[in-house]
Amino acid sequence: MKSVASSHEAFLRLAFAVAERARGHGNHPFGAILVGPEGEILFEVENGLLPDHDMTAHAERLLATRSSKAHDPKFLARCTLYTSAEPCAMCAGAIYWAGIGRCVYGLSERRLIAATGNHAENPTLNLPCRIVFASGQRPTEVIGPLLEDEAAALHDGAWT
């Protein structure tokens, strides 16, 4: 039987593969997947900046929107969102409002800022997702950073 930690790592690596695919499509290297209570992959979403230059089309926000349209909050409360990087304040808010019960991420906001610098397309907020989630009225479990070096490698050369 797989340990919970190894399951988190396996699903997180799938989110990393989605991030790599996003980069291959000309977008920033961010990806997210939603895993159901029985371990089934429900959705996977790439960063969607292009082609419309939508600065709000972060993978996690897009996934939260799609999930809330497809499932009720009682079901989503038992689901896990795996994401290549720590959700920004906007994405954490979307995850919270969708009712997704757990978030597991790879790259911390702190390391993302170090990777992106002052890039105009990623004016990263210094607001950890745990603070956003803790401000809500229902719990959202947070696990991360995990596999942070692997997650950071997705950004090598992406922000020049």
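User: What should I know about the model and its numbering?

Analyst: This is a predicted model, in which local features need pLDDT of at least 70, side-chain atom pairs count only at pLDDT 80 or more, and totals for chains, interfaces and linings use all residues. Residues are numbered from 1 along each chain as its sequence is written, and side-chain values use heavy atoms, leaving out hydrogens and water.

User: Why is Ala-57 called buried?

Analyst: Buried means under 20% relative accessible area (exposed is over 50%, partly exposed in between; 1.4 Å probe, protein chains only). Ala-57 has 4% relative accessibility, so Ala-57 counts as buried. Ala-57 lies in the loop between β2 (41-46) and α2 (59-70); helices (H or I, at least four residues) and strands (E, at least two) are DSSP runs, numbered from the N terminus.

User: What makes β1 and β2 a pair?

Analyst: Two strands pair if DSSP finds at least two bridges between them. Strand β1 (residues 31-35) and β2 have five bridges, in the antiparallel sense. Ile-33 stands opposite Glu-44 in β2.

User: Why are α2 and α4 called roughly parallel?

Analyst: Angles under 35 degrees count as roughly parallel, over 145 as roughly antiparallel, 65 to 115 as roughly perpendicular and the rest as oblique. Axes are lines fitted to C-alpha atoms, for helices over the stretch in contact (heavy atoms within 4.5 Å), with angles from 0 to 180 degrees between N-to-C directions. The axes of α2 and helix α4 (residues 89-98) cross at roughly 15 degrees, and therefore the two helices are roughly parallel to each other.
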